Amino acid sequence: MRAIWRGGDDLVAAVTEDLADPDITTLVIEYAGRTAGAIQWGVEQDPDYRHANIDIYLDPEVHGRGLGTDAVRTLARHLITELGYHRIVIDPAADNAAAIRCSTKVGFRPVGIMREYERGPDGTWHDGLLMDLLAADLTEA
């Protein structure tokens, strides 16, 4: 999901754009009978670089309940076992300790810092952390 800090019309426009992108598949995360977030994936199909990528957004009201870890693990398992991807990447903000912890629990490992990777709502650039998961690294609990 792009620009998760946006609100109002900007958020609606960003989500609408993502849903219209044929190269991205978006799934809803539900909790307690309501939409709690979304997780999406895309792919690099070039046979020499074939891999999938994951992006996730959870409503801050449901943080700390294991929903992110469960969603990332479930999607990673699907991408590996059902669709045959051997490598998956995820790129949380470098200062997003919760997202990094979530990804690490699933088996993702840090690859490196992507400097000035994403523009924040204040207009300044922020670093991202590139993490990857090989099929053999996927944890089940």
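Strands β1 and β2 run antiparallel and are joined by eight bridges. They belong to a predicted model of a chain with three helices and six strands. Along the sequence, these elements follow the pattern α-β-β-β-α-β-α-β-β. In general, the strands of a sheet pair through backbone hydrogen bonds, in either a parallel or an antiparallel way.

**The β1-β2 hairpin**

- A hairpin is formed by β1 and β2, with two residues between the strands.
- A32 lies in the turn of this hairpin and has a positive phi of about 55°.
- Across the pair, L27 stands opposite I39 of β2.

**Residue T35**

- T35 is located in strand β2, which covers residues 34-44.
- Leaving aside residues up to four places away in sequence, T35 touches V28 and I29.
- T35 and D59 are separated by 24 residues in sequence, and their C-alpha atoms are 8.7 Å apart in space.

**The β2-β3 pair**

- Strand β3 spans residues 51-58 and pairs with β2 in the antiparallel sense over eight bridges.
- Six residues connect β2 to β3 in a hairpin.
- V43 has A52 in β3 as its bridge partner.
- G42 stands opposite N53, which is also in β3.
- As a general rule, side chains in a regular strand alternate between the two faces of the sheet.

**The whole sheet**

- The six strands make an open sheet in the order β1-β2-β3-β4-β6-β5, and the pairing is mixed.
- At the edges are β1 (24-31) and β5 (109-119), each of which pairs on one side only.
- From one strand to the next, the twist averages 25°.

**Helices on the sheet**

- Helix α2 (residues 67-82) packs on the sheet and touches β1, β2, β3, β4 (87-90) and β6 (125-134).
- The direction of α2 makes about 160° with that of β3.
- Helix α3 (residues 97-106) also packs on the sheet, where it touches β4 and β6.
- The direction of α3 makes about 10° with that of β6.

**The chain as a whole**

- The chain has 141 residues, and 33% of them count as buried.
- Among contacts in the chain with a separation of 6 or more, 50% come from residues 24 or more positions apart.
- The chain exposes about 8,500 Å², of which carbon and sulfur atoms supply 52%.

Terms used
Residues are numbered from 1 along each chain as its sequence is written. This is a predicted model: local features need pLDDT of at least 70, side-chain atom pairs count only at pLDDT 80 or more; totals for chains, interfaces and linings use all residues. Side-chain values use heavy atoms; hydrogens and water are left out. Helices (H or I, at least four residues) and strands (E, at least two) are DSSP runs, numbered from the N terminus. Contact means heavy atoms within 4.5 Å. Buried means under 20% relative accessible area, exposed over 50%, partly exposed in between (1.4 Å probe, protein chains only). Accessible areas come from the Shrake-Rupley method with a 1.4 Å probe; for residues, only the protein chains shown count as cover. Two strands pair if DSSP finds at least two bridges between them. Axes are lines fitted to C-alpha atoms, for helices over the stretch in contact, and angles run from 0 to 180 degrees between N-to-C directions.
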